[in-house]
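Keep the sequence and the 3D view open as you read.

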Amino acid sequence: MTVRIAIDAMGGDHGPPVTVPAALSFLRAQADSRLLLVGRGGEVEPLLASAGELKPRVELLHTDEVVAMDDPPAVALRGKRNSSMRLAINLVKEGKADACVSAGNTGALMAISRFVLKTLDGIDRPAIATVLPNIKGGVTTMLDLGANVDCSAEHLFEFAILGAALVAAVQEKEQPSIGLLNVGEEVIKGNDVVKRAGELLRASSLNFHGNVEGDDIYKGTTDVIVCDGFVGNVALKTSEGLAQMLGTMVREEFTRSPLAKVAAVLAYPVLKRFRRRLDHRRYNGASLLGLRGIVIKSHGAADALAFENAIAVGYEAARHHLLERTVAAMQPFVEQLEREQRRSPAAA
């Protein structure tokens with residue numbers, strides 16, 4: 001099976017100088033892949049000069065229109081219908097690509113993806129999910145990470161289903177455990193939305209572990225952690241900042257004195273492995289779940305290594321038939337979700 005991935009080559013803070021080298025590096029690593037780069041030909045074409053034997057597996061689709069990082073979603077959706085982001089998503093809709101990857105404006109990407117691809121039956125709002133490393137040597141999948149700031153209990157229940165489907169498909173875990181992020185493990189803890197979400201999860205056939213706290217994200221207590229987009233985004237950005245701070249502090253301590261520099265040389269292999277484990281670029285690439293197509297959001301400031309990882313996330317999702325498996329996973333819950341949505345005006 002050849003996996004076809006559409007790439008918004010103009011997206012992100014850096015555009016083609018990052019997206020094109022990342023694309024070529026990915027092609028070298030995955031022989032069963034084909035990429036469709038969408039962007040300004042004058043900027044992308046020169047960077048493809050080094051493609052060599054990879055050239056038959058990469059196609060350039062020219063457009064001059066680009067969604068800026070500060071464009072409001074409404075402007076990107078209605079005013080830029082030929083943007084590189086919109087055309088890349090259209091390729092998924094038309095069946096010409098199995099997944100789309102963009103480092104562009106998150107709000108615009110979600111708005112356009114939702115408009116073009118639509119949501120799956122039973123899903124009111126798509127969610128953003130990504131993996132974070134844990135001390136068990138594995139990863140924890142967390143959602144939502146910013147797509148939905150205000151959520152109902154029904155939305156959190158939807159996120160749990162989507163997260164479980166993602167882990168089951170990509171990590172091949174048949175019954176992923178799910179934790180509901182809260183201010184305590186006890187059932188009585190949390191606000192009314194979280195308490196109600198807990199009730200829905202306990203009444204479902206999902207493998208619900210119960211409430212979890214912030215430190216459980218990195219303990220690997222559960223395979224999936226569910227929260228609203230406000231909490232999830234704050235937790236994610238805090239984690240990135242903490243990792244950067246730890247890296248800076250370690251460097252400072254090992255350069256503080258001549259003796260410390262000698263110790264740094266001796267400890268270099270350990271420090272290198274430590275840095276790799278904390279490198280957030282290795283975990284770049286968040287899935288927009290709940291859509292009728294695979295869309296991957298890369299960090300806007302991603303470098304080539306990070307963006308290549310985002311492409312790999314899209315590749316793995318397509319290769320493992322994430323969309324089809326999500327639809328199948330949704331079936332037992334569609335009636336329950338629709339019933340709860342009708343019962344709760346907040347879910348509309």
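Q: Is E172 buried or exposed?
A: This model is predicted, and its values are computed from the predicted atoms. E172 lies in the loop between α6 and β7 (178–181). Exposed means over 50% relative accessible area. E172 has 56% relative accessibility, so E172 counts as exposed.

Q: What is phi of E172 near?
A: E172 is a residue other than glycine, and its phi is positive. Phi of E172 is near 60 degrees.

Q: Where is H321, which also has a positive phi?
A: Phi of H321 is near 55 degrees, and H321 is not glycine. Its relative accessibility is 38%, so H321 counts as partly exposed. Look for H321 in the loop between α11 and α12 (322–330).

Q: Which residue does a cis peptide bond join to L143?
A: Omega of this bond is about 5 degrees.

Q: How are the rings of F26 and Y315 arranged?
A: A search of the whole structure finds 1 aromatic pair. The ring centres of F26 and Y315 are 5.6 Å apart, and the planes stand at 70 degrees. Planes over 60 degrees apart count as edge-to-face. The angle passes that cut-off, so the pair is edge-to-face.

Q: How many residues apart are F26 and Y315?
A: F26 belongs to helix α1 (residues 16–29), and Y315 to helix α11 (residues 304–319). Both residues are buried. The pair links distant parts of the chain, 289 residues apart.

Q: Is T19 buried or exposed?
A: T19 is found in helix α1. Buried means under 20% relative accessible area. T19 has 2% relative accessibility, so T19 counts as buried.

Q: Which residues are in contact with T19, leaving aside neighbours within four places in sequence?
A: T19 sits in helix α1. Contact here means heavy atoms within 4.5 Å. With the sequence neighbours set aside, the residues in contact with T19 are D8, A9, G11 and F307.

Q: What is the C-alpha to C-alpha distance of I161 and V226?
A: I161 is in helix α6. I161 has a relative accessible area of 2%, so I161 is buried. I161 and V226 are 65 residues apart in sequence. In space, C-alpha to C-alpha, they are 9.8 Å apart.

Q: What radius of gyration does the protein have?
A: The C-alpha trace spans about 60 × 55 × 35 Å along its principal axes. For 348 residues, a compact globule would have a radius of gyration near 20 Å. The value for the protein agrees with that, at 21 Å.

Q: What share of the contacts with a separation of 6 or more joins residues 24 or more positions apart?
A: The protein holds 13 helices and 11 strands. Of its 348 residues, 51% count as buried. Among contacts with a separation of 6 or more, the share from residues 24 or more positions apart is 71%.

Q: How far apart do the centres of the positive and negative side chains lie?
A: The accessible surface comes to about 16,000 Å², and carbon and sulfur atoms hold 56% of that surface. The protein has 40 positive and 41 negative side chains. The centres of the two sets lie 3 Å apart.

How values were computed. Residues numbered from 1 in each chain as written. Predicted model: local features only at pLDDT ≥ 70, side-chain atom pairs only at ≥ 80, totals over all residues. Heavy atoms only, no water. Helix = DSSP H or I, 4+ residues; strand = E, 2+ residues; numbered from the N terminus. Rg over C-alpha atoms; globule rule 2.2 N^0.38 Å. Buried < 20%, exposed > 50% of the residue type's maximum accessible area, 1.4 Å probe, protein only. Areas by Shrake-Rupley, 256 points an atom, 1.4 Å probe, with all protein chains shown as cover. Lys, Arg positive; Asp, Glu negative; His and termini not counted. Charge placed at Lys NZ, Arg CZ, Asp CG, Glu CD. Phe/Tyr/Trp six-rings, centres within 6.5 Å; stacked < 30°, edge-to-face > 60°.
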